[in-house]
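Biologist: Please show the sequence and the structure, and then we can go through some questions.

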Amino acid sequence: MTNPQGQNPAQPTSKRQLGGAAPAAPSTETAPVKTEPADSPGGGVTAFPGEVVSEMRKVIWPTGRQMVNYTLIVFAFLIILTAIVWSVDWVARWGIEQVLVR
């Protein structure tokens, strides 16, 4: 298919190109090698509490109304799942009684 100027349009081949971003050119450079001691992969025990606090600040906490909605959804799901398990159990018990009692 050609456009009005008579040129063939470029066909996107990846998500990046579908989004309008230019394709990445392959790099010939090598990435610098980080030299870290093998025995301490993280920041250590002392850095952990500070990292936890910074991550907790990034959390988007639900509102009270959202928590009520989520709780009601979980309870409804549990009631439905309990009814399904109970009915399967009841049908299995009835079927086994029919086979074994006679």
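Biologist: In which helix does Val88 lie, and does Val88 count as buried or exposed?
Modeller: The model is predicted. Val88 lies in helix H3, residues 64-101. Exposed means over 50% relative accessible area. Because Val88 has 53% relative accessibility, Val88 counts as exposed.

Biologist: What accessible area does the nonpolar surface patch have together?
Modeller: Val88 is one of the residues of this patch, and others include Val74, Phe75, Phe77 and Leu78. In the protein, 0% of the 102 residues count as buried. Together the patch residues have an accessible area of about 860 Å².

Biologist: Which residue meets Lys58 in a salt bridge?
Modeller: The structure holds 2 salt bridges. Lys58 is exposed at 58% relative accessibility. The N to O distance is 3.1 Å, and the partner of Lys58 is Glu55.

Biologist: How far apart are the closest N and O atoms of Arg93 and Glu97?
Modeller: Both residues lie in helix H3, 4 residues apart. Arg93 is partly exposed at 42% relative accessibility, and Glu97 is partly exposed at 39%. A salt bridge needs the nitrogen within 4 Å of the carboxyl oxygen. Arg93 and Glu97 form one, with the closest N and O atoms apart by 3.9 Å.

Methods:
Residues numbered from 1 in each chain as written. Predicted model: local features only at pLDDT ≥ 70, side-chain atom pairs only at ≥ 80, totals over all residues. Heavy atoms only, no water. Buried < 20%, exposed > 50% of the residue type's maximum accessible area, 1.4 Å probe, protein only. Patch = residues over 30% accessible without salt bridge, like charges linked within 9 Å, V, L, I, M, F, W, Y side chains within 5 Å. Areas by Shrake-Rupley, 256 points an atom, 1.4 Å probe, with all protein chains shown as cover. Salt bridge = Lys/Arg side-chain N within 4 Å of Asp/Glu carboxyl O. Helix = DSSP H or I, 4+ residues; strand = E, 2+ residues; numbered from the N terminus.
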